[in-house]
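Visitor: Could we go through this one together, starting with a helix and then moving on to the sheet?
Guide: Gladly; here it is.

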Amino acid sequence: MIEIDWGEEAGRLRASAAGEADWNAAVASRLVRDGDKVVADIGCGGGGMAKALAEALPGATVVAIDADPDVLEQAREHTAGLVRCELASMDEGAEPLRRAIDAPADLVWASASVHHAADQQAAVDALASLLAPGGRLALAEGGLPARHLPWDLGIGEPGLELRLDLAQDRWFKVMRESLPGSVPLPYGWTEALTRAGLTDVTTQSVLSETPAPLSPQRLDDVVRQFQTRIERLTGAGHGHGHGHGHMVVPDEEWLSPEDVDTWRQLLDPQGPHFLGRRVDLAILSVRSVHLGNAPR
Ligand SMILES: C[S@@+](CC[C@H](N)C(=O)[O-])C[C@H]1O[C@@H](n2cnc3c(N)ncnc32)[C@H](O)[C@@H]1O
């Protein structure tokens with residue numbers, strides 16, 4: 001059983017909203033069209049994309065929606081008056097979202113939020129129903145697991161990052177099954193958009209790369225992300241004042257004891273193997289945006 005406490009994730013979501021500013025700005029500038037007047041970001045997290053959309057569309061109404069009040073507060077601070085922030089859940093159908101936006105939307109963006117809805121197809125249907133005729137739904141979901149580490153780190157078994165991705169995949173399955181009223185989505189996102197009545201459905205994947213050596217700031221971000229992921233899978237840190245917002249059944253073993261020990265050494269700032277001192281870490285990521293248009 002895995003239960004995510006989004007309130008405990010609020011600080012991390014705010015940090016990633018700031019850290020992903022360049023990616024958000026690049027994607028927002030490709031998504032918006034002249035004449036877009038109403039835009040919504042559903043499951044907005046720290047508000048990074050909502051802010052980028054507001055900056056790309058001066059004069060438009062941008063509404064950032066999230067189901068968690070603490071997360072929304074972070075979005076409100078991050079977007080600093082550029083965006084209207086509203087509390088509503090995708091799990092309650094389209095009406096609360098429609099009321100929150102208050103007008104048919106020219107563009108609805110949802111990144112890594114629909115996969116937390118109990119019924120993902122129902123959530124996609126709800127998002128599609130918010131669109132004005134000819135409006136676009138953009139779902140950022142999936143892509144490829146990001147790469148940061150060399151295959152052989154000189155400590156532990158090679159392939160450590162691949163095994164972390166596999167463990168996270170198993171974690172994701174249990175997370176989905178733990179959602180109350182969870183419904184499977186046994187097909188891809190483009191099919192979900194098509195079933196929601198959208199047309200011209202396609203996917204655009206965005207590759208971003210920061211080669212080694214990383215700047216101190218980016219290296220710090222990468223180390224922090226690994227810390228969060230390892231805490232999530234080992235339960236470490238939970239209940240010690242730096243909670244990661246995830247309850248993990250204690251006897252669930254996601255990583256082998258050998259890999260847990262390797263990660264412990266890699267993430268120990270005092271130890272000889274600390275990742276934060278390496279010059280060979282990089283960031284290579286591919287994120288997918290699935291797009292569909294409402295009929296005119
Ligand atoms: C993984 S975060 C993604 C945040 C942001 N969109 C991003 O890409 O960085 C998922 C977000 O969806 C929100 N969320 C989860 N379930 C939701 C629901 N049923 N309705 C609305 N928001 C939800 C969470 O509070 C969280 O802010």
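Visitor: Which residues of helix α10 are buried?
Guide: In helix α10 (residues 257–266), the buried residues are Asp259, Trp263 and Leu266, where buried means that 20 or more other C-beta atoms lie within 10 Å of the residue's own, exposed means 12 or fewer, partly exposed is in between, and C-beta atoms are placed from the backbone. They lie on the same side of α10, because they cover an arc of only 60° around the axis, the arc being that of the directions from the helix axis to the C-beta atoms. This is a predicted model, in which local features need pLDDT of at least 70, side-chain atom pairs count only at pLDDT 80 or more, and totals for chains, interfaces and linings use all residues. Residues are numbered from 1 along each chain as its sequence is written.

Visitor: And what is exposed on the other side?
Guide: Pro257 and Glu258 are exposed there. Helices (H or I, at least four residues) and strands (E, at least two) are DSSP runs, numbered from the N terminus.

Visitor: Switching to the sheet, what is the strand order?
Guide: The open sheet of 7 strands runs β4-β3-β2-β5-β6-β9-β7, with mixed pairing, and two strands pair if DSSP finds at least two bridges between them. At the edges stand β4 (84–87) and β7 (199–210), each with a single partner strand, so one side of each is left without a neighbour in the sheet.

Visitor: In what sense do β6 and β9 pair?
Guide: Strand β6 (residues 131–147) pairs with strand β9 (residues 283–293) in the antiparallel sense, over 8 bridges; Gly143 has Arg287 in β9 as its bridge partner.
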